Each structure stands twice: as C-alpha cells, then as structure tokens.
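Dear colleague,

Please find below the structure that I am handing over to you.

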Amino acid sequence: MNTLLSLADNLSKFWSYTGFFNAEIGHIVMILIGLVFIYLAIKKEYEPLLLIPIGFGILIGNIPFNEAANLQVGIYEEGSVFNILYQGVVKGWYPPLIFLGIGAMTDFSALIANPKLILIGAAAQFGIFGAYIIALQMGFAPNEAGAIGIIGGADGPTAIFLTSKLAPHLLGAVAISAYSYMALVPVIQPPFMRMLTTPKERVIKMKTPRVVSQTEKIMFPIMGLLMTAFLVPSGLALLGMLFFGNLLKESGVTRRLAETARGPLVDTITILLGLTVGASTQATTFLRVESVKIFAIGALSFVIATCTGILFVKLMNLFLKKGDKINPLVGNAGVSAVPDAARISQTTGLEYDPSNYLLMHAMGPNVAGVIGSAVAAGIMLGFLY
Amino acid sequence: MRYIKQLLFLFIAVVLFTACSSEIKSTDWVINEVMVVNETNFVDDFGQRNGWIEIYNTTAKTQDLGGRYLTNDPDNPTKYAIPRGDVLTSIKPHQHALFFADEMPFNGTFHLNFKLDPTQENYIALYDNDGKTLLDEMVIPAGIAADQTYGFAQDGVKHNEKGNIIATTLKRVTPSSNNAVLEENPKIKALAESDPWGGMLTITSMLVVFGGLILLFLAFRLSGSIAKSMTQKKVAQSGTLSAARSHSHLSGEVLAAISAAINELKEDQHDIESTILTINQVKRNFSPWSTKRQSLRELPR
C-alpha cells in the first residue's frame, strides 16, 4: 500500500513539472502564432529563412515548465543554453555580424551607377520617425518610442540592435513585429503603390544604368564608411560591418572571406538570431497590451515608409529632365527589406508594362535604405541611449 | 573645372562637419570627490577615519592607475607612487578608486603618504607614469566642514557649457560610488520635456539622414563622372568599335545590329575556323590563401 502511495506521490510530483500542468492560455496562443509563422514560411514562402527559425523559436519559448523548479531551461534563466545563445541579441552582437554578411552579399552597382537613388533611401526613413511620433502619442517613453519606430526601417537586425540598447523589455515584440511586416511586404506595399501613382507614372522607363568599374565598387565601402560613420559614430557597429563585408566582396582578393561572411557565417547567425528572438516571446512577457500597440504602430510605420518613398520620387521627378525621370514604383524600395521591396517594384511595374524591368533600378533605393536605416538607428542611439 | 568645384564643395562640407564637433575634451582620470575632515564618515579597512580622495575613470575602458602619482605638493609631483602590479588599481569603465589621506603608505596601495590639512587650501594632483604629465588637479578651498565633500555633482563632468570648472561642496557624501544617483536617463527626461511630440527629433534626425546620404550622393556623382570620362578616354584611344560608338553616339542596340550583320556576312564568307589551338601553358595565379591544394598536408604514416 505504501509503495502505491509513494508511486502516486512521485507521479503527482512529476505531473507538476510537465508542460501540461503548467500550461496557460497564453502559451497556447503563442504556440498557435508560432505555427502560423511556420505555415506562412512553408506554404506562402514569406521570408522562410527568418520565419521558420522565429516560428520554431516561439514554440520552444512557450513550452510551459515549472519556473520555481530552477531547471535552467528558459531563455530568461541565467546560465541556460538558450539564455547563453540569447546574449548575442541582448548584447547586440548578432545584428552587426548579420550586417557583415549583408555587405558581403550586396551589389551596390545600381546605387553607384545612379547615385540620386540614394535619396529615396533617405526619404523612406520617415517611416521610422513617423512611427516614433505615433508611439510617443500612444504613451510610450521616448526610448521605447525610438525602439518601436525603428520597425519602420524594415530592417530586422537594426531593429534588434537598437531595441536591445534602448528598450530591452520590448525586444520580443519589436523583433517579431519587424520580421512579420518584412515578410508581409508583398501584401502591405502594392495597394499604396497603386494608390499614389498614376497609370502614366507606372510605365515610366528608366535609363539603363551604366557599367560600374571595379575601382568605383572598391571605393564605395571605403567612402561610404568614412562619410556615414564620421557623421553618426553611434551607428559604427552596423555601418562598419556592412561596409567591411562589402569591401571583402568587391576587393576581389578576399573571395574566401567574402564567401564565409555571406554564407556559413550569416547562416549561422541567422539561425541563432531567429531562434532566440522567437524563444524570447514567452507568453508571460509577450502577451501584453503594449505588444498589440507595437504591432499596430509597426504596420503604420511600413505604410508611412512606403508612401514617403513614392511621394519623394514624385517630388524628384518635378526637377528631373524628361529622359532622367524615375518610375515612382521604385519608391517603395526605400525601405530596406532587401531584396523583397525591390522585387515588388519589379512585379508591380511588370503588371502595367511587361517590358519594363525595374528590379535593377529598385535595388538602388533598396540598399540605400539599409544604409539609411543604420544611420537613423545611430541617430536614435545618440539621442536616446 | 567642374570636378574641382565639386571636390571643393565636398572638402568644405567635411571640414564644416568636423569643425562643428569641436568641444572641451575630458581627461581619462578625474579627481572626483574629496573629503578633508572625516569624523563620522567612511571607515577604512583598519577601522580608521581619515580624509579621502576619489578618482574617477571617465572612459569606457578598464584602466590601470598603477604607476601614476598622487600628490598634495605642486613642487613634488611624484610624492606618492601608486604601486604597480596590484589588481585593485585596475579600475573599470566609469568606476572609482578611493585613496585614504592618512600618511600611512604601508597600510596598503590605497593609503597615501600625506594628509589633508583642514586649516588651509589643499592642492591635489594626479600625474602620469612619467611624473611630469599632469592628468588632473583640484584645489579644495579651506573651511570645508567635517564630513562634507568637495567635488563634481556629475561624475567626471568638470566644466559647464562656458568651460568654467564647476567643483562645489556636494550635497551627498558618496565614497566609491556615483556622485549623482541616476534614477532615469537624463537625456530621455530632457527630451520628453522639451520635445513631447517628437517633432524636433524627427526634423533633426531626417536632416542628418538626408545630410549623410546627400554627401554620399555627391561623392558618387563626382567619382562616377570621373570614372565615366576616364573610361571614355580609354575607349577613344583604343580604336575599337566602342570607340566608334563613343564618337558616333549611336545607341547600343544599333551597334549590336550592325555588329550582328557584319558577323553574319563574315560567317558566310570564311572557310577557315577562327579557333586557335595552343600548347602554351595557361597561367593561373593563386596564393596559398586561395587554394585548398596548398593547405592540405600529408597524413603521417
């Protein structure tokens, strides 16, 4: 009899450690969100390289367990495996490594050939500051508003980097929001692109960009670093790594290093970043009213960035000669979701003129957006950190 | 001439940006807080109460105070040599070291060989390892009350906006800790008060973003123009079809059509293949860093 009682007692204790016993409705909601991410990644192929790790990370982060038992499994429990991997997010050293890879895989030729496209990348940063103003009005503190605003930069690593410094408690919500909307760029942008352009503007054919010499390509990262980092030293971590990666690519003598940076290194960091950001969305810390507000502001910031990019192109066209006019459909690419935003310019342009290929032109503002959002993050850091 | 003008504009822009950033540089070490008479305050590790001097590391890196000199005598800069090799003199970023002015140097690294005199003005200075370079100095006026300290309200901030030294009698005694207790980020607090709508920050930031990217735009427009003219010169000198194009200003499509027609004509006429067979060795340049073969080693047998 005693043995049976002891067995029952042990089983009862064990039951109290299981996820079934500790589960709350919040965990179930988050697990469902994680499954939606995985579904979107596999079925719709929306940013699968990001959504799969994040979606699975959400599942990992929301497995309920007895926190009082000090099992050291949770991402917020100091010394646990996930906590150690999460330090790259908390301390902000994953995003610069991702930028190194982005630099090593990005061809800035379109930008160098037609440098006026850089300005579109600057205009799209209105999304960041528009969202900052909205977040302030919704009751967030300036540092929190800055972290939320950066979602409008459409740049996941930058958003994570800045939020880890300005408002670490919002990291999960900001990161998930940024990556979700980056994945949903094909859904968010086209209606506003059509709304803000006339049929005549949509079929503007742009000049074929000139061929860019190797010397110019090598000069770009060096000059780019010196000019932007001298202006905004607080953005050095991101800008430095971005331009360094690009020099590895363009120098022509460090092929192995460039391949590592844009291949195995960036893949490894993407896996760790996505998984740990996903796992950081534990229901207890993530399911709050603030998260809903952040999602709403994030959507608005993408809309503002898209609209300001397009409107700025229209403004530029007022001052450009007839043959030099820019198709406003590349304005949306000022947000730095590379290369999705540029791809949307291409597909939308082809809808109205099947012979009008805008991809190479849209890549200019697209990569300028990466630089612009890193500069904007540096400014935010300077003012709010 | 146009290039020179653009270059000049860029240079002026860079100089202006650089000039705007000049301001008073702070030193790496600051004599931050001093207590001359200690009656009921901080007790040292021997249970004694003495005057003390707090030194603050103003930098974002860990620095070693070992080997530097503290003195209360302007004519003797090397009066007390802070011992080298003590791990405790390695001061973390924005942290403090506390020295007791008890005239008991054999009590340990942080016990000085001089005392502070409450009846007169006290001069304190910190010298670099060479005993000549002055790192920081402070004059504590006579008459500071017992258990009160003299120093800077904000750690390491010595000057106000006009460049005047702002040392004063402090409201709180804070040995080895921050003189100002930061309950919230002052930058954020000030911004929330001065710019509640965020409009000014937005305008400022967008100006900077546009400024930075306009600089890039100008730089690449300039370098692009130079590159284009250099390429045109090279092509013109080469005497090739491209040179003809650059002279005739025919479009690429027209030239492609002409080239295709000429090629077709030649194809119809020729009876000898243009392929060249060679026994010359094809050179491939490689370095040990770019080839796997060079980095493979034989396995030991």
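In the lining of the second largest pocket, helix α17(A) gives the most, with five residues. A pocket here is an open set of points on a 1 Å grid over the protein atoms alone, where a 1.4 Å probe fits, with protein on both sides within 12 Å along at least five of seven lines; lining residues have an atom within 4 Å of a point. Helices (H or I, at least four residues) and strands (E, at least two) are DSSP runs, numbered from the N terminus.

This is a predicted model, in which local features need pLDDT of at least 70 and side-chain atom pairs count only at pLDDT 80 or more, while totals for chains, interfaces and linings use all residues. Residues are numbered from 1 along each chain as its sequence is written, chains are lettered from A and ligands numbered from 1 in the order in which they are written, and side-chain values use heavy atoms, with hydrogens and water left out.

The second largest pocket holds about 840 Å³ of space, a volume being the space filled by probe spheres set on the grid points, which are joined across faces, edges and corners. Of its 34 lining residues, A:E47, A:L49, A:L50, A:V338 and A:P339 are the closest to the centre. By class, the lining has 21 nonpolar, five polar and eight charged residues; Ala, Val, Leu, Ile, Met, Phe, Trp, Tyr, Cys and Pro count as nonpolar, Asp, Glu, Lys and Arg as charged, and the others, Gly among them, as polar.

I turn next to the interface. Contact (heavy atoms within 4.5 Å) joins 36 residues of chain B to 41 residues of chain A. The buried area, meaning the accessible area (1.4 Å probe) that the two parts lose on being put together, summed over both, is about 3,200 Å², and carbon and sulfur atoms give 81% of it. Zero salt bridges are found across this interface, a salt bridge being a side-chain nitrogen of Lys or Arg within 4 Å of a carboxyl oxygen of Asp or Glu. On the side of chain B that touches chain A, α3(B) gives the most, with 22 residues. That side has 22 nonpolar, ten polar and four charged residues.

Over all chains, the search finds ten salt bridges. In one of them, the side chains of A:E201 and A:K314 meet at 3.1 Å, N to O. This pair links helix α14 (residues 199–202) with helix α19 (residues 289–319) of chain A, and the two residues are 113 apart.

Yours sincerely
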